[in-house]
2 protein chains.
Amino acid sequence: MYKILNNDLIRDYIDETPQIRSLLLDPDESVDTLDISEIGDGNLNFVYTIRSPRKSVILKQAVPYLRVVGEDYPLSRVRMSFEIWALEAEKALVPEHVPEIYYSSHEMSLVVMQNLDRHKILRGEMIQRVQFPHLAEHISTFLADTLYYTSDFYLDPAIKKENVKKFINIELCKITEDFIFTHPYEDNETNAYNPALDREHVRKFRENGEVKVAVQEMKYKFMTEAQALLHGDLHTGSIMLNPEETYVIDPEFAFYGPMGFDVGIYLANLIMSWYSLDGEDEAYAAYVRGQIADTWNLFAQKFKANMMHHEKERRSLQFDYPDGQKHFEMFTDRFIAQLFTDTVGFAACEMFRRTVGLAKVADVAGIEDLEKRARIEVRVLEAATELITHRRDYTSIDEVLTVLDTQSTE
Amino acid sequence: MYKILNNDLIRDYIDETPQIRSLLLDPDESVDTLDISEIGDGNLNFVYTIRSPRKSVILKQAVPYLRVVGEDYPLSRVRMSFEIWALEAEKALVPEHVPEIYYSSHEMSLVVMQNLDRHKILRGEMIQRVQFPHLAEHISTFLADTLYYTSDFYLDPAIKKENVKKFINIELCKITEDFIFTHPYEDNETNAYNPALDREHVRKFRENGEVKVAVQEMKYKFMTEAQALLHGDLHTGSIMLNPEETYVIDPEFAFYGPMGFDVGIYLANLIMSWYSLDGEDEAYAAYVRGQIADTWNLFAQKFKANMMHHEKERRSLQFDYPDGQKHFEMFTDRFIAQLFTDTVGFAACEMFRRTVGLAKVADVAGIEDLEKRARIEVRVLEAATELITHRRDYTSIDEVLTVLDTQSTE
């Protein structure tokens, strides 16, 4: 039976759960020796570290409301089941980039997993201007493999359809539909603004018909295109890393959606990190631009390699005739071109909502000089406007990067 | 408990099932007075007419194999559940075009419904060159209302997602994926050819890279775009009508897919009916062309009216700001343009597969002069090649109709 745990109840729970107890303690050791503390930085869930003399683990439990708001914002704890299923699916595909799962319980809406205590959150590290030599390589692998191997290009069509059904994730998709694709483009009470941001800039994109239509097109794609199992929330706060290792965490938003969403959300967070530098620290700015270019280029290259490599196995879409390989490559190149268009469109949506919606990025919102922050925000809004309205015209990531160099119309 | 019925068992079943018995008989009348006969023209299922002195009904039961092939081709009888759910969903939206459901049982995989004995199958009537004054009006309403009201444009996003889940229809989607989108483009043993058709014409489209890539793009759309609850098999054999009334039957292929699939399949069957006239009977040819044009134009007009009418209710996609209505109309027009492109692409896939795949259309395959039939088939294949490779260039149904006038390259 489900109950919300606290430090004491966790001790009892571990004592009753041999799969967790044996991980941390010898049979003759008492659970009283465990050091349990709540990390307390989860927006949605309660997260504890549990340490024994020999090991430490993370216990994450969902409560039937949004933790950051409180019991007034009910949110079904079934979200933990999506997180568990997604972690398991991702772990099978890219084990080196997904934390170890030691134990999970759908009934208790909890998961016990690897404590990434030698790793830090990417967003914080980027704010500290730390460079990671393998990041683009790792994230492009995570994206290319999770998106390709969960799609109709690889899976048996029956298994793919069972997955779509399993991952119908109504509540968390609604959060995205509301907070990424709807409220930021309306005068909605949940939006939050830098007081120094001239609202004329907000009015400008909100009353731009081409922006509105484009955002609705991206929202409709999000709601209808069941291409692959997405992480669903792949911003720089969902990545923990050190110079050698990169882990992707928190996939409770997982569902079958358009591939460009995961890629676009991640690139948008890199783009906003670049804008937050505001022309300072040329070396770090060059590093971030390199991350943007390398992530897309490596992703496209690896995704294409997956497509071409497995084509012979013909799991779903058939090209088994003399010129088939050549034609399949044409198909693949056009598919990736469309995926790039989607990526640019979704990136722009993330840039808008991280500027005028409820949730900000610390890279920009953490800038104490509000005038400086506003100057950056205007550039972000103008770049997002350009990218989303002309998303079909961009054919390479280098072309997208030239937008970053465009000065504000101010 | 499920069991396969026959004439005698149906009598017992009715006797035990008050909902059916009371429909047909007074309490003191015996089930022995019922006249039960198998129609026997179902490809998938067993279909019986049951008559009492006062009423007649249809009883349709699914068996755990493909009826037309036999027990060697197993096909789960769960298909009847999809048919029942789809009939119920369609009946709620367009009651005047869906037969009355009197009784259904998922356990027995059967449905008891209105006997459309004053109606005939549209395909047979078209072969007899019968005109129906309200057909385009009726089918365009069926399409515009079933597609719009089951989509994210109307439904609450949570309900739409529950519907997507309910209508994951693995087995029947696989039939479409194989027999419409795969086998006809391969040298597959299930394909069947008019012996008089020069196979050079088959080779020509099969080795055309643009055709192959386009077919795979349409297949991928079919497999991934969960836009609306489709009928899934809307050819002219799925329509029963008389001059006043039009009914759409047999929706066991129902699933959430791309709207253009239903529209395209139907238009392709009209197009093939037109080709089957081979330049004869100018009056009927003009009627069929009128049906093609009117069905699309009325559909587009009614779908747009649904979009604009309900926009104020804002069930899912929001445009609630001063210029919102104008921008929503831009969005709607672009959406319908894309839907037209999809329609043309899916129509071409149906034209290919009805010519060289397993299942033919009697309009063309029933032509006894095999040379004449082959001449028509070549024109169908050439038109399908043109339509699918240039589908993005067609902006009106009149432009599509000009393709019909193009003479064969022979």
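**A friendly note on the two-chain model**

1. Let's begin with one residue: A:Arg129 lies in chain A, in the loop that runs between helix 4 (122-127) and helix 5 (135-149). Its phi is positive, about 60°, even though A:Arg129 is not a glycine. Most residues other than glycine have a negative phi. A:Arg129 counts as partly exposed because it has 15 C-beta neighbours inside 10 Å.

2. Please keep in mind that this is a predicted model. For chain A the mean pLDDT is 95, with 98% of its residues at 70 or more. For the complex, the predictor gives an ipTM of 0.96 and a pTM of 0.97.

3. Is B:Asp250 buried or exposed? B:Asp250 is buried, since 24 other C-beta atoms lie within 10 Å, and the cut-off for buried is 20 or more.

4. Now to how the two chains are arranged.

5. The contact between the chains involves 36 residues of chain B and 36 residues of chain A. On the side of chain B that touches chain A, at least two residues each come from helix 6 (157-166), helix 7 (170-179), helix 9 (209-224) and helix 12 (324-356) of chain B. Which helix gives the largest share of this side? Helix 9 of chain B does, with eight residues. By class, the side of chain B that touches chain A holds 14 nonpolar, seven polar and 15 charged residues. The copies meet through the same surface, because 100% of the interface residues of chain B are also interface residues in chain A.

6. Within chain A there are two domains to look at: domain 1 covers 21-114 and domain 2 covers 120-405. Taken over C-alpha atoms, the centres of domain 1 and domain 2 of chain A are 27 Å apart. Where these domains of chain A touch, domain 1 contributes 16 residues and domain 2 contributes 20 residues. The domain 1 side of this contact in chain A is made up of 11 nonpolar, two polar and three charged residues.

7. Chain A also has an open sheet of three strands, in the order 8-10-11, with antiparallel pairing. Which strands are at the edges? They are strand 8 (120-121) and strand 11 (246-248) of chain A, each of which pairs on one side only. Strand 10 (residues 239-241) of chain A pairs with strand 11 of chain A over three bridges, in the antiparallel sense. To find this pairing on your screen, look for A:Met240, whose bridge partner in strand 11 of chain A is A:Tyr247. As background, strands of a sheet pair through backbone hydrogen bonds.

8. B:Glu71 counts as exposed because it has 10 C-beta neighbours inside 10 Å, and a residue with 12 or fewer is exposed. B:Glu71 and B:Asn169 are 98 residues apart along the chain, and 21 Å separate their C-alpha atoms.

How values were computed. Residues are numbered from 1 along each chain as its sequence is written. Chains are lettered from A and ligands numbered from 1 in the order in which they are written. This is a predicted model: local features need pLDDT of at least 70, side-chain atom pairs count only at pLDDT 80 or more; totals for chains, interfaces and linings use all residues. Two residues are in contact if their C-beta atoms, placed from the backbone, lie within 7 Å. Domain bounds come from an automatic or database domain assignment. Ala, Val, Leu, Ile, Met, Phe, Trp, Tyr, Cys and Pro count as nonpolar, Asp, Glu, Lys and Arg as charged, and the others, Gly among them, as polar. pLDDT is the predictor's confidence in each residue, from 0 to 100. Helices (H or I, at least four residues) and strands (E, at least two) are DSSP runs, numbered from the N terminus. Two strands pair if DSSP finds at least two bridges between them.
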